[in-house]
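Open the model in your viewer and keep the selection tool at hand.

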Amino acid sequence: MAGKILVIDDEKNIGELIQLAMQAKGYRVEYATTGGEGLALFDRFGPDIALVDLKLPDMDGVSVARQIKRTDRGKATPLLLLTGEPVAREGFDESLFAGAVEKPISMSRLAGIIDEVLKKA
């Protein structure tokens, strides 16, 4: 059961890598390089899951997640936090994110995480 994935990450090479790897697994993938672009794309694309980088050039990933979760579609869409830093349990907001992914990550492991989160959604 492949679906639609939105990737919001300012590192274009990461967005392209995830896009190619997940398309090979049957997903439709779009990516944005800023929070603002990601929010607009979320509305147009209507993803089944969104991967949101913690650090973006125009706003942080938590702010993006909060804005997504304020929408009707966003309330039902699982979000995964992408970060290059270790995720502290006490700083992780489970009301916003279904999980966190530390970069770098293998694409097969990422696909497994996405599949698992979508099964629970």
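Angles under 35 degrees count as roughly parallel, those over 145 as roughly antiparallel, 65 to 115 as roughly perpendicular, and the rest as oblique. The model is a predicted one, in which local features need pLDDT of at least 70 and side-chain atom pairs count only at pLDDT 80 or more, while totals for chains, interfaces and linings use all residues. Residues are numbered from 1 along each chain as its sequence is written, and side-chain values use heavy atoms, with hydrogens and water left out.

Now show the side chains between them. Gly35, Leu39 and Phe42 of H2 meet Val64, Gln67 and Ile68 of H3, where contact means heavy atoms within 4.5 Å. The residues of this H2 and H3 contact divide into four nonpolar, two polar and no charged (Ala, Val, Leu, Ile, Met, Phe, Trp, Tyr, Cys and Pro count as nonpolar, Asp, Glu, Lys and Arg as charged, and the others, Gly among them, as polar).

Next, select helix H1 (residues 12-24) and helix H5 (residues 107-120). How do they pack? The angle is about 70 degrees, with the axes 10 Å apart, so H1 and H5 are roughly perpendicular. Leu17, Ile18, Ala21 and Met22 in H1 meet Met107, Leu110, Ala111 and Ile114 in H5. The residues of the contact of H1 with H5 comprise eight nonpolar, no polar and no charged.

Move to Pro104, in the loop between strand S5 (99-102) and H5. A cis peptide bond, with omega about 0 degrees, joins Lys103 and Pro104.

Technical notes:
Axes fitted to C-alpha atoms, helices over the stretch in contact; angles between N-to-C directions. Helix = DSSP H or I, 4+ residues; strand = E, 2+ residues; numbered from the N terminus.
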